Every structure is written in C-alpha cells, then in structure tokens.
Amino acid sequence: MAHIVVTGGAGFIGSHCCVELLKKGEQVTVLDNFCNSSPEALDAIEKITGVRPALAELDLCDEEKVNAFFAANTVDAVVHFAGLKAVGESCRMPLAYYHNNLTGTLNLLRAMAANGCKTIVFSSSATVYGMHNNAPFTEDMPTSATNPYGWTKQMIEQMLMDTVAADAAWSVVALRYFNPIGAHPSGLIGENPNGIPNNLVPYVARVAEGTLERLSVYGDDYDTPDGTGVRDYIHVVDLAKGHLCALDYAAAHKGFEAINLGTGNGASVMDVLHAYEQACGKTLPYVIAPRRPGDIATSFAAPQKAKELLHWEAQSDLLTMCRDSWNYMCRRQQNG
C-alpha cells in the first residue's frame, strides 16, 4: 500500500481520482482548503468505496502548514490538482491566480523535496497548446497560453522540468487534460461548480434541470462541420484512471514527461447539446451568441503517447458521459 497525497482531492477530478486510488487499495490523504469544493465529497467517496480518505484541511499557500504536514507524514507520491481554474476569472484576477497556483505549487514542491518525496503527477491542461498549433495536439508542440490560468499551467510545467533538470531523483508526469465531463456512475460525485458554470456541460446540465433558461452557443461560424467549436471531451472516470497509470509510470521512471489525456476525437458544441438532450429526454433551448475572444475552432488530443507509455486509453463515448452527468444532476436534485 502506497501513501498518496491528493491535493484538491475534494474537487471534481480529484474526488474521482481518490475513488480509483482507494479501490486499488492505496492509502489516500486529501489536502484541500475547500475554496471550490465541499467536505461532503469525502462522504460520497466513502459511500462509493467503503473507505474514507484521510483529510488535511490546509491551504498550499500556507507554507508553514504544508511543511508541517510533510514533516509529519511519510508520503510516496503526490497527485496535484489544487488550483484556481476559471479562465474568465483569471483574466479579472490575474494576481490571485498567479499567487494561488504558483505559490501553492512552490510550497508543495519544496516541502516534498525537504522530506524525501520526489514523485508527482501534475494536473496540467491542453490550454498550454495556445492558439497557434493545429489539432490533433502532440506533446512535442511548442507551448504558450492565452490567459493567466493557462500561463500558470505552463509555468508550473516549467518549474517541474527545471526541478528534474537540477535533481535527477525526481519522477514527474504532467497530464495535459482536454475537456473532462461526466460523473461517477453511482451519481454520488460529479461536477457542481459554485455560481454560473464556466464550462459547457455543467451549464447544459443546469439548463436541463431548469435552473438556467438556455444555453448560449458562442459562435456558429467556425471552420468546423457545424460551425460550432470542437473539443475533445473525456469521461472523468477515464481521466481518473489515467492518473493511476501515470503514478505507476512515475514509480518506474525518473525524469519529466508531459502526456495528453484525451480521446483523440472532437465533438462540437451542438454534438454535446444533442447528446445531452438524448440523455435527459428533452429538447434544450439555446441561442447563438458572438464568439468569445481567445476561443479556438478545434482542439483535440493526439492520444498515442498515453497509450504507449501509460497503457491507457479512454473508454466512454459522449452519450455515456452525458448520461452519467444527468444521473448525477437528478440524484443531487433528489437529495435536495
């Protein structure tokens, strides 16, 4: 049994990762300050797995508490999800994003190094491919960003590469996610952002449940089959399983690897809307709105590296993702 620390482990992706780790029999500790999540996620993880992960409620920006945790615990590896992640908010509050995401990661890496833990899987993002690469995106493409959130992901990848260059004992995998959606099939954990959702599927889900009036489709004149933006949507459970494969890889390999986690297939905004309509059994209202600045027409992964190095492939199709999301929304409504 390995002791795995999951930062942001009560969040959308982190909670699903905790479920998979506990199912595998690992010892899991969640580090979370609950600024974008709820302790109720730990109750749900326990219901699904029969095991409650340990909890250290702390903020990674609190260097003293982070150091004290790692000094008091033997940790085999870290899966690092914790961070602010709304693109629009990052443009309004850049300093908050740079402080939270970069300072928190610096504190984490320094505490790990000081206490002999040099294995980490980092939650990166396809946003690091920027505006000027053509899909499918491969890991050797040049990286850039179009907003402060994206820059924090790129900067953290650079921090990790420099750490490995200075100390060959480190094992680092940066997983570049595409668009995680869906929910655990139990309906007990899923995506439930505070306020009005920034991402497509949680927004569509709230239109389906009636709490939002209609979907705004930002642009229908892109160079895509139906004119709406195309993205690579991946089931959050598939994504979580990818982290376990990355931990296995990191345990056997030193150095730094950036690896895409995606399906390799693109779905348009309208594809997602129609799949969700099929999942929930109703027609969902939408309007066409102007394009958003910074949005690209098409983004999807070249997933071959994950298959070769991690022996991982995404399994679920778009309809399954939407059905699991809707199941989670219905269960959440039933439970008030």
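Modeller: The radius of gyration used here is taken over C-alpha atoms, and the rule for a globule is 2.2 Å times the number of residues to the power 0.38. With 336 residues, a compact globule would have a radius near 20 Å, and the chain, at 19 Å, agrees with that. Please keep in mind that this is a predicted model, in which local features need pLDDT of at least 70 and side-chain atom pairs count only at pLDDT 80 or more, while totals for chains, interfaces and linings use all residues. Residues are numbered from 1 along each chain as its sequence is written, and side-chain values use heavy atoms, with hydrogens and water left out.

Along its principal axes, the C-alpha trace spans about 55 × 45 × 40 Å. The chain has 11 helices and 14 strands, where helices (H or I, at least four residues) and strands (E, at least two) are DSSP runs numbered from the N terminus. Of the 336 residues, 54% count as buried; buried means under 20% relative accessible area, exposed over 50%, and partly exposed in between, using a 1.4 Å probe and protein chains only. A contact means heavy atoms within 4.5 Å, and among contacts between residues at least 6 apart in sequence, 79% join residues at least 24 apart.

In the loop between β2 and α2 lies Phe-34, whose phi is near 60 degrees, a positive value in a residue other than glycine. Phe-34 counts as buried, with a relative accessibility of 13%. Just after α2, Gly-50 likewise takes a positive phi, of about 80 degrees.

Ile-120 sits in strand β5 (residues 119-125) and counts as buried at 1% relative accessibility. Setting aside residues up to four places away in sequence, Ile-120 touches several others, among them Val-78, Leu-108, Met-112 and Trp-170. Although Ile-120 and Val-6 are 114 residues apart along the chain, their C-alpha atoms are separated by 9.9 Å. Ala-306, in helix α10 (residues 304-310), is buried with a relative accessible area of 0%. Beyond its neighbours within four places in sequence, Ala-306 is in contact with Ile-259, Asn-260, Leu-261, His-311 and Trp-312. Of these, His-311 lies in the loop between α10 and α11 (318-334) and counts as exposed, at 68% relative accessibility. The phi of His-311 is near 55 degrees, again a positive value in a residue other than glycine.
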